[in-house]
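Hi,

Here is the model I promised to pass on.

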Amino acid sequence: LSCKVLSSVVTPCYCFVSPQIRVKPDNTGVVTDGVKHSMNPFCEIAVEEAVKLKEKKLIKEVVAVSCGPQQSQETIRTALAMGADRGIHVDVSGKDYENLGPLQVSKILAALAKQEDAQLILLGKQAIDDDCNQTGQMTAALLDWPQGTFASEVSLEGDKINLVREIDGGLEHIKINTPAVITADLRLNTPRYATLPNIMKAKKKKIVTVKPADLGVDVTSRLEVLKVEEPPQRQAGMKVETVEDLVVKLKEAGRV
Amino acid sequence: HLVPVFCLAAHRCARLLQKIKTEHATPQLYTALHRRACSTVSTPRITTHYTIHPRDKDPRWEGVEMERFADEADVVIVGGGPAGLAAAIRLKQLANKHEKELRVCLVEKAPQIGAHTLSGACLEPSALTELIPDWKERGAPLNTPVTEDVFSILTEKYRIPVPILPGLPMQNHGNYIVRMGNLVRWLGEQAEELGVELYPGYAAAEVLFHEDGSVKGIATNDVGIAKDGSPKDIFERGMELHAKVTLFGEGCHGHLAKQLYNKFNLRENCEPQTYAIGLKELWMIDEKKWRPGRVEHSVGWPLDRNTYGGSFLYHLNEGEPLVALGFVVGLDYTNPYLSPFREFQRWKHHPFVAPTLEGGQRIAYGARALNEGGCQSIPKLTFPGGLLIGCSPGFMNVPKIKGTHTAMKSGMLAAEAIFPKLTAETLDSETAGLHVPEYAENLKNSWVWKELYAVRNIRPSFHNYFGLYGGMIYTGIFYWIFRGKEPWTLKHCGTDANQLKPAKECTPIEYPKPDGKISFDLLSSVALSGTNHEGDQPPHLTLKDDSIPVARNLGIYDGPEQRFCPAGVYEYVPLDTGNGMRLQINAQNCVHCKTCDIKDPSQNINWVVPEGGGGPAYNGM
């Protein structure tokens, strides 16, 4: 088996992880001020997989990328503490950040992959703040690379990758060529803790800041958010005694 | 020749089988053995934490690498609250002024600075102005000057207004209503700018000692221990942070401070600390009801005259109609049927309070214990290698209900006392860890002590037949007129844990059901605190003896922990066998308030720190 050396681009997504999200009074979005932000759980799994591949000496270097405001550098630090070698912070803040969606991020990642001559892009399958599940797929399309999404097992075989994907019907085994895009699903691995000594060492690792314009990417959104509102309050249910009552009630409500 | 070979093979087989048996059977085997050893047969095992069941005797830990990575700093600060951050900032200010290099590391169990901070709060800006005179230009979140100050005695239906005469401790002129979590976060940013190394998400789990007994530093928590106490694949040891001097600013009733009190006998010449529990909610109210800058306090209903406590309601002015409100109950209450959470919920229905909340929406909830002991309960503050700062030793001015300004000042005084010693040409110390008794002397000569001394008798004056009213009369005469100069110092009544009367001597309290609009049930409140912990870890509410809760707490006191815990951690549930009850600890709900460690009548509960990053996710509380 030839052991081709790969460099990898991994993107930990900076998103908010909090159970108490409130809609802004003007219905334009959710309140993000002061809300705890941290690495997207699926991206943690992606970072862990990249670091594992590096530890097995199957890839040469792990680069962690995050797109967002200044604070996303903390997410990159966590990735560095887990074992990534260096970080790239794509600085997007303010209104641009609020409107940043999968298409813009994929364009950024595609540009970075070309710039860094990456052979493998590992991402989380979806971000838990927007649940889009689009970035990995779009990135592969922009680069015209094969994609292995919802990966629950990854193994490198020469210059190909064996993947097990979790799909509705069960588990799908595929073999794809490199360079490729892989998105991580829950059961791929259990991410290691970023221990304090590693956080301290991570402070010495490099993080480079670039702007989307430097990569030739326009981050204007193609989508306009019209309104954000809370889900409707759950209405009280009604109990009925007999099937006849049920039919009557359904007819009354115009459902039948 | 066949026979010896056969024997060898059989021997190896047997040994392999034994190994498998140990590996797979060990968890249950250990538990069964241990169960027989330390609890009655009918008590299921509750506590699995290594502080109660040491790992060096535990076969599951054989061969696990326990070596810890260690690093050196000049000063390590435990706790990223107002005291810890003020100390860190002051140290770096001094270092920069005198052009010295100083490595200051601060560890904080919350996932980000400010996430475990909970306070009313009406801040007296004196200490902040001393620390950072240009706080306004730097954007400190003090946005709401107090404009109106209202004090009431409540009865079930009515309100008796009490004039706040100038000179009374609860007068708030010149103070600011703040969201303490935001102020602490801002202090964290100031500290980082000055070069302090902040490490949120890492809890100090252990104090380390030199051979001569002085404090060497701290070790952060281990990660990756399963709920049953065994190591997981991702087990990692915590890290050791060594320092010349360690500042302990864990806040009210810190768990490391508890160990230090015993180790260095720091409480031999002071009264036991007494406490209260404070519960708080943030509400977005109807704009028409919003009066920014208004401060309301009340005493009386729903508490009886012999139970210390009261309420607060502050109208913030940060661009939206937000009010911070809450309820404080002294933990020296005697009735085990009292539930501070439910007293809080029913207070909100009072005709003076409910109108403000009608049409509003509750957006946050939390709780924390606070100190009430005053200067009688302050322990010895220094020991070789370390100092105690902030609410941990306890500098709260109880009648003012303010402790942040004194906590910050104590942090600053600590920094000023240790700086010359750290940067002296020769390290002049008898012990490997620096002893800095100058800190305690400087504190005694500062305005902190003067302020606490003047109000020292107000809280203890409530322990009389007339309770609340006796206390108010005492305050009126001796504080307002005589400014606390009376020559005597009243004592407290003993520890809070000893105050509970047995359940059969007390009457259960009939609390109204929550209406879901103004008052709420416990579990939906806990959900609002955003608290969470890694589920697969040993419960951090450890019991010294697993059989005591049912035997004593439930048997004599009807399980008061079910009522005083503001997060629903403790539940007595029927045993699977059907006869008898067992204590269920829902450790994931814990909001780190420390009330259980304080009020457990058997003093059997020992709160230790869970994996760092766990706990509430307060946002500007």
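The contact between the two chains (heavy atoms within 4.5 Å) takes 20 residues from chain A and 25 residues from chain B. Bear in mind that this is a predicted model, in which local features need pLDDT of at least 70 and side-chain atom pairs count only at pLDDT 80 or more, while totals for chains, interfaces and linings use all residues. Residues are numbered from 1 along each chain as its sequence is written, chains are lettered from A in the order in which they are written, and side-chain values use heavy atoms, leaving out hydrogens and water.

About 2000 Å² is buried between chain A and chain B, and carbon and sulfur atoms give 63% of that; buried area here is the accessible area (1.4 Å probe) that two parts lose on being put together, summed over both. On the chain A side, A:Tyr193, A:Leu196 and A:Met200 lose the most area to chain B, together 34% of what that side buries. Helix H6 of chain A (residues 196–202) supplies the largest share of the side that touches chain B, with four residues. Helices (H or I, at least four residues) and strands (E, at least two) are DSSP runs, numbered from the N terminus. That side of chain A divides into nine nonpolar, five polar and six charged residues, where Tyr and Pro count as nonpolar and Gly as polar.

There are zero salt bridges between chain A and chain B, taking a side-chain nitrogen of Lys or Arg within 4 Å of a carboxyl oxygen of Asp or Glu as the rule.

Now to the sheets in chain B. Seven strands form an open, mixed sheet in the order E6-E5-E15-E16-E17-E14-E18, with strands counted as paired if DSSP finds at least two bridges between them. Strands E6 (159–162) and E18 (361–371) of chain B stand at the edges with a single partner strand each, so one side of each has no neighbour in the sheet. Within this sheet, E14 (residues 275–284) and E17 (residues 322–330) of chain B run antiparallel and are joined by nine bridges; B:Lys280 stands opposite B:Gly326 in E17(B).

A second open sheet in chain B has three strands in the order E3-E7-E4, with antiparallel pairing. Its edge strands are E3 (122–123) and E4 (144–145) of chain B. E4(B) pairs with E7 (residues 176–177) of chain B over two bridges, and B:Pro145 has B:Tyr176 in E7(B) as its bridge partner.

Best wishes
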